[in-house]
Amino acid sequence: MFGGGRAGIVVPADPQASLKKKSVSSRSWILLDAAGQETILDVDKYAIMDRVQIHARDLRILDPLLSYPSTILGRENAIVLNFEHIKAVITAEEVLLRDPLDDNVIPVVEKLRRQLPPVNAFHESQVDAKDLGEKHDIDTGEEDELPFEFRALEVALEAICSFLAERTTELETAAYPALDELTSQISSRNLDRVRKLKSAMTQLTTRVQKVCPNGYFLS
């Protein structure tokens, strides 16, 4: 079972007001726990290390000032997740997500809110279903039966995949007209446009491969 301490300055989160801000300190994290509670933490790395019981070298991969490849670290007390803008620590009872007010991170926070129902709410739904005499041998609801940390990990993986898929769609939308224009008229301008799009696609392919080279990887 994952566990951890309780260190640092804790400020209750205001989901509506807080997410409207455009910038946030690199010390800022949002905590979402299995009970459905949210908290904004303004803490240093030592408080995070004490809370989730991980080493400094593991937390270092989440430093936005350093360049680390996309990685999932499985540790005794936590999962450390670094997927581009998604930098998180997941335990059996909570998710700690870095820089929650970043424009790219806000959709991840919203996705976690939607797809991580409180444990007590899930248990109540199970009790209600039993009272109604419904059968539970069907596949529906099977994902919700996963431990909290795996459901949180699944949300993060879905979020980064969706983000990269959107970037791919944007490039494709720009690439097809550029190729059509180049076919109809070969010019330095059109060639340069296609060359830049090809370079952007190569860079995006590299980013995708870092996230999932041959399936998900666990260190």
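In which strand is the place of D42? D42 belongs to strand 3, in a predicted model in which local features need pLDDT of at least 70, side-chain atom pairs count only at pLDDT 80 or more, and totals for chains, interfaces and linings use all residues. Residues are numbered from 1 along each chain as its sequence is written, and side-chain values use heavy atoms, with hydrogens and water left out.

The protein has 7 helices and 7 strands, where helices (H or I, at least four residues) and strands (E, at least two) are DSSP runs numbered from the N terminus. Along the sequence, their order is β-α-β-β-α-α-β-β-β-β-α-α-α-α. Of the 219 residues, 38% count as buried; buried means under 20% relative accessible area, exposed over 50%, and partly exposed in between, with a 1.4 Å probe and protein chains only. Among contacts (heavy atoms within 4.5 Å) with a separation of 6 or more, 63% are between residues 24 or more positions apart.

Strand 2 and strand 3 run antiparallel and are joined by 5 bridges; two strands pair if DSSP finds at least two bridges between them. L31 has T39 of strand 3 as its bridge partner. The hairpin of these strands has 4 residues between them, and G36 takes a positive phi near 90° there. In strand 3 (residues 38–42), 4 of the 5 residues are buried, so this strand is largely enclosed by the rest of the structure. D42 is partly exposed, with a relative accessible area of 35%. The C-alpha atoms of D42 and R27 are separated by 5.5 Å, although these residues are 15 residues apart along the chain. S28 lies in strand 2 and counts as buried because its relative accessibility is 6%. Not counting residues up to four places away in sequence, S28 touches I40, L41, L97, R98, D99 and P100.

A nonpolar core is a set of buried Ala, Val, Leu, Ile, Met, Phe, Trp, Tyr and Cys residues joined through side-chain atoms within 4.5 Å. The largest such core has 36 residues, and F83, I86, L97 and L112 have the most contacts inside it. Two or more residues each come from strand 2 (28–33), strand 5 (79–83), strand 6 (86–90), strand 7 (94–98), helix 4 (106–115), helix 6 (148–184) and helix 7 (188–211). Helix 6 gives the largest share, 14 residues. Another core, of 17 residues, lies apart from this one and includes A47, I48, M49 and V80. Leaving aside neighbours within four places in sequence, F83 is in contact with S70, T71, I72, L157, I160 and V211.

V211 is also one of the buried residues of helix 7, together with N190, V194, L197 and L204. The buried residues of helix 7 pack against strand 5 and helix 6.

The structure holds 1 cavity of 30 Å³ or more. On a 1 Å grid over the protein atoms alone, a cavity is a set of points where a 1.4 Å probe fits but cannot get out, and lining residues have an atom within 4 Å of a point. Grid points are joined across faces, edges and corners, and a volume is the space filled by probe spheres set on the points. The largest cavity has a volume of about 60 Å³. Its lining includes L81, I86, L97, L112 and A152, and strand 6, strand 7, helix 4 and helix 6 each supply at least two lining residues.

Definitions and conventions
1 Å grid on protein atoms, 1.4 Å probe; cavity = no way out; pocket = protein on both sides within 12 Å on 5 of 7 lines; lining within 4 Å.
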